[in-house]
Amino acid sequence: MGGDRARPMWVLFMLLLACSAYAMCPARCRCNDDLLHTSCVAASLEVVPIQLNPEVRHINLSHNKIDNVHFTLRFYYNLISLDLSANKIQTLGNSNFEFQRQLKHLNLSNNEIESLSKDSFKGLHNLTELDLSYNRLEELPSVTFHELHSLEILRLSNNQLVYLEEGLLSQTKLLRELILDDNQILEMPGSAIGDAMNLQVLSLSRNLLVTIEDGEMPTLLELRVLLLDTNVINEIHPGALAGLASLEELHLNDNNFTSVPTASLSKLSNLTVFHFSGNFIRSVPPVAFRGLFQLRYLRLNRLDLLTRIDSRAFVDNIYLEEVWLDDNIGLHSLPTRLFYGNPRVTHISIRNNQLVTLEVSNFPLDQLKSLKLGGNPFQCNCSLLWLWRLQQDQVSRKQYSNDTVGSDLIIDTEYIRCAGPEPLVNVLLADASESQVDCSLGWIAAVSAALFACLLLATASTLLYLGPMRRRLNKRELPQRETAQCPNGTSLALTYDDPRVDKYIIGPPLIHEYRTLPPWDSFAKNNDMEIYRQFDPNVKTRPHIVYV
């Protein structure tokens with residue numbers, strides 16, 4: 001009997017406390033009765049206060065020491081949002097939210113919740129957002145969310161979930177966003193998420209997915225964003241993504257791909273954003289992103305093994321606007337006219353690679369608005385003269401105005417440094433002088449002319465030297481011949497060799513008769529008539545032959 005009498009007294013006491021709520025805002029809390037908002041953030045509370053205004057609509061009890069919510073919320077019928085994050089709650093019990101029929105936002109993140117029952121959320125028919133991230137959940141019974149018919153956003157990240165049971169989301173037909181990051185999920189939970197026909201965002205980042213087989217990904221015609229980054233995926237079946245006809249954003253970065261999954265991606269005709277950084281591909285082949293005609297934003301950063309990009313890699317992506325190719329430590333060169341098949345590209349980032357030089361033909365400068373090239377070991381010579389001039393134009397514009405015109409090309413001038421030649425090591429390219437990066441053709445022409453003149457002179461000297469030598473050789477081959485007139489009227493052929501060679505060689509006698517010559521009379525002993533007489537053809541004398 002005493003217990004039965006005490007119960008009405010306890011209820012009356014609680015009602016009196018509730019009615020006097022206007023005068024009983026807990027210490028270290030802020031209560032705004034006009035906005036019907038109460039904030040008790042980091043107020044060292046150990047229980048949910050029950051003396052607040054019963055008409056309150058927004059309560060923030062985050063960063064306290066509350067360990068349960070048993071029988072403490074049934075006074076607040078008009079709650080719209082309740083924040084119990086960063087407390088020490090281990091269990092939600094049963095039916096503790098049964099009277100919060102207007103509640104739309106419930107934050108239970110950063111607690112110690114290990115399990116949920118089928119009645120943990122009983123009565124929350126109008127709840128649209130539920131945050132259970134950063135707890136210790138290992139499994140979720142298939143009936144956990146059956147009362148949440150209006151649920152649109154469900155966050156379950158940073159738990160210890162390995163799989164999701166079939167039928168878990170069968171009653172959440174309005175679910176638009178499902179966040180399952182940082183769990184231990186081993187395979188795509190297709191049987192569970194297939195019931196969420198209106199799902200638009202699905203995030204499974206930082207799990208343990210290895211492959212996506214055919215049929216594992218359900219048909220989700222409304223899905224717009226799929227985040228599968230930071231798993232260990234190495235393969236996607238060519239038809240696995242065929243049911244995602246409306247997908248616009250896909251993150252596959254930081255996985256174990258060794259090649260671009262071209263066949264799988266080709267089914268995503270509406271894809272506009274694709275992240276593929278941090279994988280292990282060695283090359284980007286021709287038409288790597290085949291069929292992605294709507295692709296606008298492409299990230300290919302941190303591909304440590306990447307060494308080659310085909311010049312036709314992006315030919316199908318005619319709407320491509322922004323491309324990131326940063327931090328690819330094995331990339332030493334770019335193919336010529338890589339982006340000329342992308343008439344709408346306006347932003348290109350190729351920072352922190354191993355590019356030594358760049359040709360102006362690599363980029364469609366007439367349509368670019370942003371070009372980022374910092375962090376490359378450039379050799380600052382005439383191959384970068386075009387870039388130096390663009391930087392000088394940008395510096396000149398800044399001198400006249402702090403803001404550049406929207407149509408002007410912006411280059412990350414302050415990050416482009418020279419790795420060589422020696423006088424320019426670690427010098428900003430913009431700070432180099434034109435003479436240091438200009439490869440003028442004047443001195444090249446002068447050197448070429450001098451070399452040509454030397455060649456002509458050498459050729460002439462050779463001809464002048466070899467001509468007489470050849471004639472001398474010919475003379476040696478064909479000895480000279482002369483004829484002498486003998487007294488009997490016959491002619492005698494006389495042959496002699498070059499006296500410089502054979503002047504000391506005595507040849508055989510010209511005739512076989514040896515005659516004694518009369519002594520030579522000196523010129524002084526002959527008179528004038530004797531001198532002319534010897535030339536008289538009528539005088540018959542023997543010939544006078546002199547041997548030299």
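Modeller: The model is predicted. On its surface, a nonpolar patch of about 350 Å² is made by Val-162, Tyr-163, Leu-186 and Leu-208.

Colleague: Where does Val-162 lie?

Modeller: Val-162 is one of the residues that make the nonpolar surface patch. Its relative accessibility is 34%, so Val-162 counts as partly exposed. As for its place in the chain, Val-162 sits in the loop between strand 7 (153-155) and strand 8 (177-179).

Colleague: What share of the residues in the chain is buried?

Modeller: The chain has 8 helices and 25 strands. Its accessible surface comes to about 30900 Å², and carbon and sulfur atoms account for 54% of that. A residue is buried when its relative accessible area is under 20%. Of the 548 residues in the chain, the buried share is 39%.

Colleague: Which element gives the largest share of the largest nonpolar core?

Modeller: That core holds 118 residues, and the members that touch the most others are Phe-121, Leu-130, Phe-289 and Phe-363. Two or more residues come from each of helix 2 (190-193) and helix 4. The largest share is 4 residues, from helix 4.

Colleague: Which residues does Phe-289 touch, leaving out those up to four places away in sequence?

Modeller: Phe-289 is among the core residues that touch the most other members. With residues up to four places away in sequence left out, its contacts include Asp-316 and Asn-317.

Colleague: What percentage of the contacts with a separation of 6 or more joins residues 24 or more positions apart?

Modeller: A contact here means heavy atoms within 4.5 Å. Taking the contacts in the chain with a separation of 6 or more, residues 24 or more positions apart account for 52%.

Colleague: Now the cysteines. How many disulfides are there?

Modeller: A pair counts when the two cysteine sulfur atoms are within 2.5 Å. Cys-25 and Cys-31 have their sulfur atoms 2.0 Å apart, Cys-29 and Cys-40 also 2.0 Å apart, and Cys-380 and Cys-418 1.9 Å apart. The count of disulfides comes to 3.

Colleague: Are Cys-25 and Cys-31 buried, exposed or partly exposed?

Modeller: The two form a disulfide, and the torsion about its S-S bond is about 80 degrees, so the link is right-handed. Cys-25 has 31% relative accessibility, which puts it in the middle class. Cys-31 has a relative accessible area of 31%, so this residue too is partly exposed.

Colleague: How many residues apart in sequence are the parts that Cys-29 and Cys-40 tie together?

Modeller: Both cysteines are buried, and their link is right-handed, with 120 degrees about the S-S bond. Cys-29 lies in the loop between helix 1 (2-19) and strand 1 (30-32), and Cys-40 in the loop between strand 2 (37-39) and strand 3 (58-60), so the parts tied together are 11 residues apart.

Colleague: Is the disulfide of Cys-380 and Cys-418 right-handed or left-handed?

Modeller: Cys-380 and Cys-418 are both buried. Cys-380 lies in the loop between strand 21 (378-379) and helix 4 (385-400) and Cys-418 in strand 23 (residues 418-420), so the pair ties together parts 38 residues apart in sequence. The torsion about the S-S bond is about -100 degrees, so this disulfide is left-handed.

Definitions and conventions
Residues numbered from 1 in each chain as written. Predicted model: local features only at pLDDT ≥ 70, side-chain atom pairs only at ≥ 80, totals over all residues. Heavy atoms only, no water. Buried < 20%, exposed > 50% of the residue type's maximum accessible area, 1.4 Å probe, protein only. Core = buried A, V, L, I, M, F, W, Y, C linked by side-chain atoms within 4.5 Å. Patch = residues over 30% accessible without salt bridge, like charges linked within 9 Å, V, L, I, M, F, W, Y side chains within 5 Å. Areas by Shrake-Rupley, 256 points an atom, 1.4 Å probe, with all protein chains shown as cover. Salt bridge = Lys/Arg side-chain N within 4 Å of Asp/Glu carboxyl O.
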